[in-house]
Amino acid sequence: MTIDRFGRAIHYIRISLTDHCNLRCVYCMPEKMTFRPTAEMMTFDEIVTLSKLLALLGFDKFRLTGGEPTVHPAVVDIVREIAATPGVASISLTTNGLLLKKLAEPLVKAGLQRVNVSLDTLDPIEYRRITRRGHFTQVWEGIMAAESAGLKPIKLNAVIVRKFNEKSLVDLSRLTYEHPWQVRFIEMMPFGGATSLQLNQVVKSGEMRQTIQAALGPLELVNHGELDGEAQMYKLPGSLGEIGFISSVSVPFCAACSRARLTADGHLRLCLLRDNEVDLLTPLRSGANLAELRQLILDGIWAKPWGHGLAEGEFATNRIMSEIGG
Ligand code: SAM
């Protein structure tokens with residue numbers, strides 16, 4: 001098990017397979033996004049090598065993200081390799097769902113266990129306004145395909161942005177009456193110059209809860225308030241699903257953080273919201289052996305930061321969200 005200097009056990013790795021995405025969500029990246037050259041990205045073999053090394057170091061929870069992981073041509077093979085790696089207890093995917101109709105079944109056959117689908121609205125016009133591309137119905141069909149393929153529980157992630165999709169708080173919460181899904185509302189993290197959105201467009205989870213309760217009645221706390229991953233979970237009485245809030249801005253969950261990230265260009269990123277990274281790809285390409293790479297990872301994890309200044313408008317500057325993977 002890999003431990004940091006604050007005594008946190010770090011065993012959850014989020015791997016970004018690519019910085020490319022088939023959407024351009026307003027809170028995530030500029031409309032005219034320039035992606036990094038393919039030569040700078042980890043190859044299939046490099047992703048597998050680093051994943052196996054991380055598993056040897058005690059990382060047992062793997063999540064594939066992006067950019068959009070499903071646009072990676074080898075996503076199914078990558079899932080298969082990681083799922084078959086000794087020590088890997090869980091493998092999941094965060095996706096915008098657009099390609100799940102086609103991919104859900106092959107991904108499950110390859111060993112994928114769960115999926116989080118990002119969906120900020122149920123209104124097709126609003127969907128287009130937020131994502132600038134793509135069609136709501138494609139995502140919906142993707143969610144249905146994921147559920148039929150056995151990727152349960154389905155988790156839907158919605159970033160709520162003031163003046164964009166506050167209506168989604170109630171619309172998406174209503175889904176939990178009929179579906180055994182987790183609908184999780186995420187506070188938007190204002191990422192510097194990447195978008196034109198501002199700190200005053202962050203809707204904090206306390207306000208989100210009030211909006212839902214005003215429309216649908218009291219929410220019951222689930223798990224006595226213990227975090228489920230990074231979300232605090234609630235339920236509407238009589239519903240099949242649950243409603244969660246990820247309060248990255250208003251209530252940072254650094255004490256419970258067990259994660260590190262591997263960017264698509266092979267950097268071990270130690271905190272979503274801090275610039276600290278360890279380049280693993282350059283040494284790997286220069287012939288570093290596994291013992292040397294192992295030491296780089298252990299030293300990096302030891303120095304993992306604590307705390308962020310999002311609420312004060314401080315943010316990481318070296319990458320935008322689509323390059324880190326959320
Ligand atoms: N393309 C995939 C998807 O849509 O889920 C994976 C990558 S995306 C960067 C991962 C998550 O980050 C998504 O749920 C997305 O909504 C969230 N995200 C992106 N920019 C964000 C921001 N500024 N604040 C909060 N969440 C953000």
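In this structure, a nitrogen atom of the ligand is 2.9 Å from an N or O atom in the side chain of E68, a polar contact in the sense of a pair of N or O atoms within 3.5 Å. Taken alone, the ligand exposes 550 Å², of which the protein buries 94% (accessible areas come from the Shrake-Rupley method with a 1.4 Å probe). This is a predicted model, in which local features need pLDDT of at least 70 and side-chain atom pairs count only at pLDDT 80 or more, while totals for chains, interfaces and linings use all residues. Residues are numbered from 1 along each chain as its sequence is written, and side-chain values use heavy atoms, with hydrogens and water left out.

**Around the ligand**

- The ligand is surrounded by 18 residues, and the closest are Y27, G67, E68, S118 and M189; a residue counts as near if one of its heavy atoms lies within 4 Å.
- The shell around the ligand divides into seven nonpolar, nine polar and two charged residues, where Ala, Val, Leu, Ile, Met, Phe, Trp, Tyr, Cys and Pro count as nonpolar, Asp, Glu, Lys and Arg as charged, and the others, Gly among them, as polar.
- Strands β5 (90-95) and β8 (182-187) each supply at least two residues of this shell; strands (E, at least two residues) and helices (H or I, at least four) are DSSP runs, numbered from the N terminus.

**Helix packing**

- Helix α1 (residues 44-56) and helix α2 (residues 75-83) pack at about 25 degrees with their axes 10 Å apart, the axes being lines fitted to C-alpha atoms over the stretch in contact and the angles running from 0 to 180 degrees between N-to-C directions.
- Helices α1 and α2 are therefore roughly parallel to each other, since angles under 35 degrees count as roughly parallel and those from 65 to 115 as roughly perpendicular.
- The axes of α1 and helix α9 (residues 290-302) come within 11 Å and cross at roughly 65 degrees, so α1 and α9 are roughly perpendicular to each other.
- Helix α2 and helix α3 (residues 100-110) pack at an angle of about 25 degrees, with their axes 8 Å apart, which makes α2 roughly parallel to α3.

**Backbone details**

- Most residues other than glycine have a negative phi, and most peptide bonds are trans.
- The peptide bond from K152 to P153 is cis, with omega near -5 degrees, and P153 is found in the loop between α5 (136-148) and β7 (155-160).
- R132, in the loop between α4 (124-131) and α5, is a residue other than glycine with a positive phi, near 65 degrees.

Note on methods
A polar contact is a pair of N or O atoms within 3.5 Å; within protein, one must be able to donate a hydrogen and the other to accept it, and residues adjacent in sequence count only if both atoms are side-chain atoms. Angles under 35 degrees count as roughly parallel, over 145 as roughly antiparallel, 65 to 115 as roughly perpendicular and the rest as oblique.
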